[in-house]
Amino acid sequence: MEILSDVSVRVGEASFSLHKFPLVSKCGYIRKLVSESTDADISVIELPDVPGGAEAFELAAKFCYGINFEISTENIAMLRCVSEYLLMTEEYAVGNLVGRTDAYLNEVALTSLAGAVSILHMSESFLPIAEKVKLVGRCIDAIAYITCKDSQFCLSGRTDSDHESLSSSAVYQTKPVVDWWAEDLTVLRIDTFQRVLIAMMARGFKQYALGPILMLYAQKSLRGLETFGKGRKKIEPRQEHEKRVVLETIVSLLPREKNTMSVSFLSMLLRAAKNLETTVACQLDLEKRMGLQLAQAALDDLLIPSYSFTGDTLLDVDTVQRIMTNYLEYYTDRNHLSFSADDEYVSPPLSDLERVGKLMENYLAEIATDRNLSVSKFIGIAELIPEQSRITEDGMYRAVDIYLKAHPSLSDMEKKKVCSVMDCQKLSREACAHAAQNDRLPVQTVVQVLYYEQQRLRDVMDGSLIVDESSVLPSKVNNLYSTDLHHHVPDELSMLRRQNEELKIELLKMKMKLKEIETSTMRTVTSSPMGNISTSSDKPPLPRKSFINSVSKRLGKLSPFGVTPPNPKARAKPAKDRRHSIS
């Protein structure tokens, strides 16, 4: 015979018709409500804010009635929290629900990593009571213990020699391998995820091995954020705030060891930081990390969009300038420490420096096409590239030529400033030939290029090419004038003569242009009233000497092949004035 219910329990919008006796016998919270009620025959009980809602209370009611149900990793967090809420402890009944759930956690659920992560993820929905019953802390400790027990990156119990060998090999020789459990941690909230990693490091997990885990979490949590476009993608303010917190937390957890994170990943984080407008400290930290590993960067890693709407450059040039400055500071500090046992300076290898120099030249050529790029910013980037990193100036000349082509309205003074960033002595033969016919370059720069090229050809023909100058020439020129030069002397001589004649023709054209300019200038001065006063005598005014004219005269006297004129005196003799001659 079914006994009629004598109490109605309301949990949210759900209502349960139950009996007082089984509930009061095991639920301390309901017993307290009944005993403190002014109505001796209470028939309705309101339970607000039950963890897990009606589903959780239904399972707790079944336990009170002795109805069997399965406890699993999917509902253990909910059962542990609702049993705490209803005060189903041993104080009210032996073998109550609190004891049963704790036994399941210790003996089954928290013995596996998958179970611990799953329970921790579900516990996030039952805060703060999950913290009160220490469910979150127990799960975090279990995850840290399991991950560090057999991990190759946990050095607890190892000797110091093992620590050093493993650290050096893991950081500098091989990249840490992503463990199978790293993907499971990405489901956690960022604050919980941070606590797990801190607990792992406290148990001996090395920080440099956290890199792949952080990369997985960042790729998943920042998904959908525009980091390669030229504008900021609109997202909800709440979602933007959450992503900002995630990004700043990830940056704070990045390993301090060098080479543990790829430059492309750091660049992605920096783009996201610019987009989400994170703290200045967060952005500067990423810029410094990229500067330390700039030798490993590709050009795309530096093409960071400018998210400001001030009408400035399309790319964030100031950020790259700070990254390059960080690299130079690191490179300088490393050079100060480069001393041998005898306190003698040991020059570091230039491979990284040359790689960075080539990278920055390519970056300079990339941003040179931007019409909003000012001369000062272009020169500022160019002057950061160390001279010792540039074997030749071909890359710098290419960037200068692109900039002059994209900015045709520059004044002569601005063009001279732009061209001053390159050393014409270090241009290759091909670059010199191109520069000699480049109308975009200032005349002074072209004359300088022709002068150095003719001087170089003269030194080669005289056999006095010094070692320092040979290091300036590109590889193909060095190979051309190597030990087997005598096999190709006839061909080289003919080619050099031909190029020398071409250079002389170019110089002659420039002289003619300069004379035409000076003549037209003097005519203008003569035709003016002031010009009549200054030229009152019958003699024509002497042309003013300019630096270019003096250089041109000096170049005209050069004889690259060492051939002296047959009669030097006759060449110095002035020509007769044939103005009144009958013939």
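Strand S1 (residues 7-11) and strand S2 (residues 14-18) run antiparallel and are joined by five bridges. This is a predicted model. The protein chain holds 29 helices and three strands.

- Strands of a sheet pair through backbone hydrogen bonds, in either the parallel or the antiparallel sense.
- Valine 7 has leucine 18 as its bridge partner in S2.
- Two residues lie between the strands in the hairpin of S1 and S2. Glycine 12 in this hairpin takes a positive phi near 65°.
- S1 also pairs with S3, here in the parallel sense and over three bridges. Valine 9 has isoleucine 45 as its bridge partner in S3.

**Core and surface**

- Of the 583 residues in the protein chain, 43% count as buried.
- The protein chain exposes about 32,900 Å². Carbon and sulfur atoms supply 54% of that area.
- Take the contacts between residues at least 6 apart in sequence: 71% of them join residues at least 24 apart.
- The largest nonpolar core has 148 residues. Which members touch the most other members? They are Phe57 and Leu254.
- Phenylalanine 57 is in contact with Val9, Val11, Phe16, Leu18, Ile30, Leu47, Val50, Val82 and Leu86, leaving aside its neighbours within four places in sequence.
- Val9 is the bridge partner of isoleucine 45, and Leu18 is the bridge partner of valine 7.

**Cysteines**

- A disulfide is a covalent bond between the sulfur atoms of two cysteines.
- The structure holds zero disulfides.
- A disulfide needs sulfur atoms within 2.5 Å.
- Cysteine 139 is buried, with a relative accessible area of 0%.
- Cysteine 432 is in no disulfide either. The nearest cysteine sulfur, that of cysteine 424, is 7.8 Å away.
- Cysteine 432 counts as buried, because its relative accessibility is 4% and the cut-off for buried is under 20%.

**Backbone geometry to check**

- Most residues other than glycine have a negative phi, and most peptide bonds are trans.
- Leucine 127 and proline 128 are joined by a cis peptide bond, with omega about 10°. Proline 128 sits in the loop between helix H6 (113-123) and helix H7 (129-132).
- Lysine 134 is not a glycine, yet has a positive phi of about 65°. Lysine 134 sits in the loop between H7 and helix H8 (135-149).
- Is lysine 134 buried or exposed? Lysine 134 counts as exposed, because its relative accessibility is 60% and the cut-off for exposed is over 50%.
- Asparagine 259 also has a positive phi, near 70°, in a residue other than glycine. Asparagine 259 is found in the loop between helix H13 (237-253) and helix H14 (263-276).
- At 23% relative accessibility, asparagine 259 counts as partly exposed.

**A buried loop residue**

- Where is alanine 295? Alanine 295 lies in the loop between helix H15 (280-292) and helix H16 (299-302).
- Alanine 295 counts as buried, with a relative accessibility of 13%.
- Not counting residues up to four places away in sequence, alanine 295 touches Asp352, Arg355 and Val356.
- Alanine 295 and valine 263 are 32 residues apart along the chain, and their C-alpha atoms are separated by 9.3 Å.

Key
Residues are numbered from 1 along each chain as its sequence is written. This is a predicted model: local features need pLDDT of at least 70, side-chain atom pairs count only at pLDDT 80 or more; totals for chains, interfaces and linings use all residues. Side-chain values use heavy atoms; hydrogens and water are left out. Helices (H or I, at least four residues) and strands (E, at least two) are DSSP runs, numbered from the N terminus. Buried means under 20% relative accessible area, exposed over 50%, partly exposed in between (1.4 Å probe, protein chains only). Contact means heavy atoms within 4.5 Å. Accessible areas come from the Shrake-Rupley method with a 1.4 Å probe; for residues, only the protein chains shown count as cover. A nonpolar core is a set of buried Ala, Val, Leu, Ile, Met, Phe, Trp, Tyr and Cys residues joined through side-chain atoms within 4.5 Å. Two strands pair if DSSP finds at least two bridges between them.
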